[in-house]
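Biologist: I'd like to learn how to read charged side chains in a model. Could you walk me through it?

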Amino acid sequence: MFRLITLFFLLPALYASAVTLPTVKGESLPDTDGVHVNAHGGNIIKIGDTYYWYGEQRGDGSEGSYQLGVSCYTSTDLATWRNHGTVLAVNDRPGDPLEQGCLLERPKVVYCPATDKYVLWFHHELKGRGYAAAQAGVAVADNPLGPFTLLKTSRVNPGYYPMEMTDEQKNATYADKLEWWTPSWRKAVSDGMFNLRDLPGGQMARDMTIYIDDDGRAYHIFASEENLTINIAELDSTFTRHTGRYTRVAAGGQNEAPAIFKKDGTYWMITSGCTGWAPNAARMMKANSIMGPWEQLPNPCRGQGAETTFESQGTYIMEHEGNFIFMADRWNPKQLNDSRHLWIPIQFDADGTPYLTLE
Ligand code: GAL
């Protein structure tokens, strides 16, 4: 009798959690209006039984088309997606940081328990300045469907040295023009030349993700120093401000598109190289602590397409019922709104090393 009753209570719970992961391998993914999901470089979070998918809401590439902002779609089965429009929109106010023509790339939304708000971080570029601003934007909302209000957009951690930087490195001076990629330039980059250059105004922040560790702390992980070095920067309990505590990872390694997960006490980060919209081979790193040291590992992709991450670039690793799903974009630079989505369940070797394959 006891068993029967237990089963009676367990069954609905089991049933409710069993959402089959659909196959997403770069085909067109129509929403409930029949339009391809226009949410790129983003992330998916689950609130109650609902999945929220946030991403770049891109233009169609026609003359005068521009990015609309950050979009949100919802689903209860990960297969049927309903469009909720723009949750953080660009505007037509001249000089506004979100003036039409600006870029809001790689948006990530997380829930903050301390404030009971939804926090949206994104890589922000100002109108007319290409990729020179290299700022991080943060916006908040009471509701996962927004609207989000912009709190701040800026470079990151002005005045703060990375936690591992030695006094010698802090006090180093560098020749004005070191030729790129020479051994002395490489050494200078590794020692923190660009970090020191940007220290007063804050570090450059481009491709990014947000990671919430299992102790509840949040981290902003981004490509910094001219896309040469990844920074992992701790956020405060509101998830909207940096604490000033951060580490530099793979200095000079040119990593972009960071995505991260933790399994059995090990942190794994999958990144791309820096080739713009064109795909390249993914890289992987692992660490026992989020603040490093991080160990560089080979390309985690296997089989056909491994050298181009299956013609895509990662954006997020979603935990789904005990599994980890590598979400990626197959960019279409001529028509960014039609960039395709790939969701690749991460597999593990017998020794626990993650790998990705489409086979
Ligand atoms: C990629 C980056 C994208 C976008 C693109 C622009 O390297 O990952 O998010 O910024 O460059 O060329």
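Biologist: Let me start with two residues: are E56 and R58 buried or exposed?

Modeller: Keep in mind that this is a predicted model. Both E56 and R58 are buried.

Biologist: And what do the side chains of E56 and R58 do there?

Modeller: The general idea goes like this: side chains of opposite charge can pair when their charged atoms come close. Here the side chains of E56 and R58 form a salt bridge, with 2.9 Å from N to O.

Biologist: How many salt bridges does the structure hold?

Modeller: There are 20 salt bridges in the structure. Another one to click on pairs R197 with E226, at 2.8 Å from N to O.

Biologist: Which parts does that pair tie together?

Modeller: Look at where each partner sits. R197 is in helix α4 (residues 193-198), while E226 is in the loop between β11 (218-224) and β12 (229-235), so the pair links parts that are 29 residues apart in sequence.

Biologist: Are R197 and E226 buried, partly exposed or exposed?

Modeller: For that you need the cut-offs: buried is under 20% relative accessible area and exposed is over 50%. R197 has 40% relative accessibility, so R197 counts as partly exposed. E226, at 26%, is partly exposed too.

Biologist: What about D264, which residue does D264 form a salt bridge with?

Modeller: The partner is K263, and the closest N and O atoms are 3.4 Å apart. D264 counts as exposed because its relative accessibility is 71%. K263 has a relative accessible area of 27%, so K263 is partly exposed.

Biologist: Which residues do salt bridges with shared partners join into one network?

Modeller: That network is made of D215, R217, E234 and R245.

Biologist: Now a charged residue from a strand. Where is E125 found, and is E125 buried or exposed?

Modeller: E125 belongs to strand β7 (residues 117-125). Its relative accessibility is 1%, so E125 counts as buried.

Biologist: Which backbone nitrogens does the side chain of E125 reach?

Modeller: One is the backbone nitrogen of A132, at 3.5 Å from the E125 side chain. Another is the backbone nitrogen of A133, which lies 3.0 Å from a polar atom of that side chain.

Biologist: What else does E125 touch?

Modeller: Leaving out residues up to four places away in sequence, E125 touches several residues, including C102, L103, G130, Y131 and R206. A132 and A133 are on that list as well.

Conventions:
Residues are numbered from 1 along each chain as its sequence is written. This is a predicted model: local features need pLDDT of at least 70, side-chain atom pairs count only at pLDDT 80 or more; totals for chains, interfaces and linings use all residues. Side-chain values use heavy atoms; hydrogens and water are left out. A salt bridge is a side-chain nitrogen of Lys or Arg within 4 Å of a carboxyl oxygen of Asp or Glu. Buried means under 20% relative accessible area, exposed over 50%, partly exposed in between (1.4 Å probe, protein chains only). Helices (H or I, at least four residues) and strands (E, at least two) are DSSP runs, numbered from the N terminus. A polar contact is a pair of N or O atoms within 3.5 Å; within protein, one must be able to donate a hydrogen and the other to accept it, and residues adjacent in sequence count only if both atoms are side-chain atoms. Contact means heavy atoms within 4.5 Å.
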